[in-house]
Amino acid sequence: MPATSTADTRDNLPHPLTSFIGRVDEMESLGLLIQSARLITLTGVGGCGKTRLAREVAARALGNFPGGVRWVELASLNDDALAPQAIAAAWGVVEQPGRSILETLVEALALRGKRLLILDNCEHVLDTCAQCAQLLLDGCPELTLLTTSREPLGIAGEDVVPVAPLSVPDDQRTYEALELARTDAISLFVARARAVAPSFALSGENVHDVLRICRKLDGIPLALELAAARVRLLSAQQIVARLDHAFRVLGDGSRTAPPRHQTLRATLDWSYGLLSPPEAALFRRLSVFVGSFSLEAVEAVCAARHGEPGDTLDELGRMVDKSLVMTQQRAGATRYRLLEIIRQYAREKLEACAEDTSACSRHAEYYGQLAQRAGVDLDANESHQWFDVLESEHENLRAAIGWSLEHADPEDVGMMVASLWRFWRVRGHLAEGRRWLELALANVSDKTPVRAKVLQALAILSMHHQGYASAAPLVEETLALYRALNDRRGLAMTLLNAGILAHFHGDYPQAMTYFEQSLPICSEVAWGHAIALCLSSMGFTVLHLGDIPRARALCAEGVLSARAVSDVPATAGALTNLGIVLLVSQQYEQATARFEESLRVRREIGDHGGTAHTLRFLGRAAQEQGDIARAEAYYLESFALRDALGEDEGMAEALEGLAAVAAARGDGVTAAKRLGAAATLRERAGMPIPAIDRPFYDQWLARIRDLLDEQTLDTVWESGRLLTPRDARDSGPATAPGSPVAAGADGDGGALATPEAERPALVKTARPQLSIIALGEARVYRCDEPVDAAEWTYSRARELLFYLLCRDSATKEQIGLALWPDSDTDQLRAQLHPVLHHLRHALGGTDWIVYERGRYRFNRTLDYAFDVEAFERRLERATRCQRDDPAQAIRHVEQALKLYRGDFLAGEHERAWLERKREELRGRYREALLTLGQLHFDAEAYARAAQTYRQLIAADPYQERAHRELMRCLTRQGERGQALRTYEQLTELLRRELEATPAPETAALANRVRCGDSV
């Protein structure tokens, strides 16, 4: 950006020719920070937009600096000694004989009012800039200094503000074009594309290609602008296809831009040229990592000399300081990553130095060893936390396997991929795991232990992914090989897998034969994990053979065996099997308890397939107990997980459950369509309906036959067979008539919650963009999808949401007192900005949290539902109509009470603001129960009134008024003896707990009851 530097104007800020786009949060935070800080340094990788952001901040702050604002561009300086002269020239200060220019400058600036100095691009003259800054700040108390640099100046009092690339939508969800158009990175790309091709527009045809461009370029503004310039010659799709070689695409930029910004390569050359030789060597070697990586991996793969990790740590720290390496926190550990464009550049440098082969070899060796350690520990059930470790390293594992398949010993590759099968199965990477195993198997020698391990792993994944047909020959080959090798442990596991395969194919006697062969070998080799799995599997198979008592005994023994060896995944599986036995025995509450315990464990370890399996049976248990809404929620979540995993049989099972839900609601057409689609999936997977599911299936099929005549049933069934699984799931009304969700909706956004275990859906006439649950366990849903814990990044982000929801608005200071009561002003400033950023990201857009006139507020003009507001609104309506329409008041209070599923943010940390709100809502809940009891009493519905007062006493045993009213209700029902027992229980409670006696009016009431007087 060209600058005009004259000393007699108020400012000499550059005047850019393009509009400033995005960075609402950063501008807001920096606007506040520049009013109080003395030295602010914007740091970030080249091309991330530091200069442009600094210019916008300075331009908006002009009114705060009557003494003037000066911009000093340092990038063109080739001698750091010239920096003081450049600063002096910007202020019109000339050198005086016998004095240094800095002394003269300090003296001149000290005489003027409050002023702002911006030093742009300090990284190549960093030491001199630090010295100048220190002298100027010490000598000029009314001077504020704003600098941009790849790394901080490193002096006392410096506020370092990292400038991240522009926000890019994540790849964990789908987006509408309008939603994408509002994001910073896409907005910038579209604006710059229109500048060179005015006809360019974001459309349904190109929106996802534009999104892929922004993701591949990591939201780096310079890269986006260079890519947008190519719209004159290439479509968005063509640009995406060429971005694997980004530097060929992102060549020419604006001829008026600084030379280092005319191409992306030039700006990275600028950064690379500032590195010392050891730093440059580490930078090149880091390019072998894909995605994020750990410090341990860097020390193993990139150390210049083995045994000197300290050197690597220091050099890595300098890479972070220079904004070439990004950091991120995961599960309390720091991980590192290179932006993809920077990684491509570093890889080119690595190859140019002929270091790529050795670096890739060390990378593959490290991750091969990591995989084998994980495999050994998971086999021995040492730690299921390995699943999280391997998930975080998955991209690097992929890269290591891919390179090793071409360059490493096939036996080593075989051991590596065979070690990962448990991870691939539990985390749902079934198709990918099979592909790697098949590639490795093609190169492994015959009749070796490694081949047996790869075969066994491939058989297990094939069984879970595509069923019997693909797994059966692999199991037979594995059995033969382990017998030939006389490997008892391998044979035991393969016999167990053969039994599981036979079970799911419906050959239960053969399955028991395999299990009975496996179990003694498992005991012989003392393999606790396999023993637990074998016992539980035997129990599940015996259930299908009709022996329920033996099935229950075996499954219970499987649970005990798994717990004895602390095998978390096996315990979860055994609990689900035991729950199924109890379900078939019609012991629904006991079954549900086992399923819920299993589900909790499976969610914790990220077992997606196991979670889907347990959810399906939870749905079945809920439906057997008549809770259709809860059953539907479980089936839908199970389907979503099976769909993501690509498991045909699992999708069929979930669709059969959803068909039963539709039939229960009287919607025979939707039910028949779903069963037709499920039949197609079962045929494709070669998996018939299991014997234990047949009675449930036949029950609901009979219900569908009652709803539809045979011709209609056949026609609709066949149409369902042609539907995709998702279309079958979505067929029928979005909310069935008479369902709890539909019944709870009202015209102004209030809604009754569905039962507690269901994912609540507070609705208007359709699903809101945001559904927020705070009464009981806190949950937030974005378009009916839960916002996961990882999306908040900071726990305070979610807390800030609930804090703002409970107020009209709040200042920064009020927020600080509530959420960071021990922080000073500087700490609050540093903490609030990232929390706000991640809160807005988690909610899906910046519009949800608004900043106006120095106050933050939740934007209540958007489409949302909040159960606390619905609860309070219902109570207000009840109050308004209590006198004139008691029946309507009863309805409103009852609907409000259904929303109160527990204390406000139950189980959350105890903060003063939260406890105040919690106690306020507790009071309103108790008052609502008193009101409802009185309304029922006035309507002479004494039994319902008594039930209400008992509910209140359960919530607050010391609520003496509730005890009195309960005594009146019981007396009106002719149960004077029970009323007196209520009084005696109250008397004993007060004496024992409070050393008190009932109030005089309570004692007088008890006396009237004894005497037979009217009450």
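Helix axes are lines fitted to C-alpha atoms over the stretch in contact, and angles run from 0 to 180 degrees between N-to-C directions. The model is predicted: local features need pLDDT of at least 70, side-chain atom pairs count only at pLDDT 80 or more, and totals for chains, interfaces and linings use all residues. Residues are numbered from 1 along each chain as its sequence is written, and side-chain values use heavy atoms, without hydrogens and water.

**Helix crossing**
- Helices (DSSP runs of H or I, at least four residues, numbered from the N terminus) include H43 (residues 867-881) and H45 (residues 912-938), whose axes come within 12 Å and cross at roughly 40°.
- Contact (heavy atoms within 4.5 Å) involves Val 868, Phe 871, Glu 872, Leu 875 and Glu 876 of H43, and Lys 917, Glu 920, Leu 921, Arg 924, Tyr 925 and Ala 928 of H45.

**Nonpolar cores**
- A nonpolar core is a set of buried (under 20% relative accessible area, 1.4 Å probe, protein chains only) Ala, Val, Leu, Ile, Met, Phe, Trp, Tyr and Cys residues joined through side-chain atoms within 4.5 Å.
- In the largest core, of 175 residues, Phe 189, Leu 286, Phe 289 and Tyr 367 touch the most other members.
- Helix H23 (residues 449-466) gives the most to this core, with 10 residues.
- A separate core of 75 residues includes Leu 932 and Val 1009.

**Cysteines**
- There are 0 disulfides (pairs of cysteine sulfur atoms within 2.5 Å).
- For Cys 129, the nearest cysteine sulfur, that of Cys 122, is 3.8 Å away.
- Cys 214 is buried, with a relative accessible area of 0%, and is among the residues touched by Phe 189.
- The sulfur of Cys 214 lies 16 Å from the closest cysteine sulfur, in Cys 48, too far for a bond.

Notes. Helices (H or I, at least four residues) and strands (E, at least two) are DSSP runs, numbered from the N terminus. Buried means under 20% relative accessible area, exposed over 50%, partly exposed in between (1.4 Å probe, protein chains only). Lists of a residue's contacts leave out its neighbours within four places in sequence.
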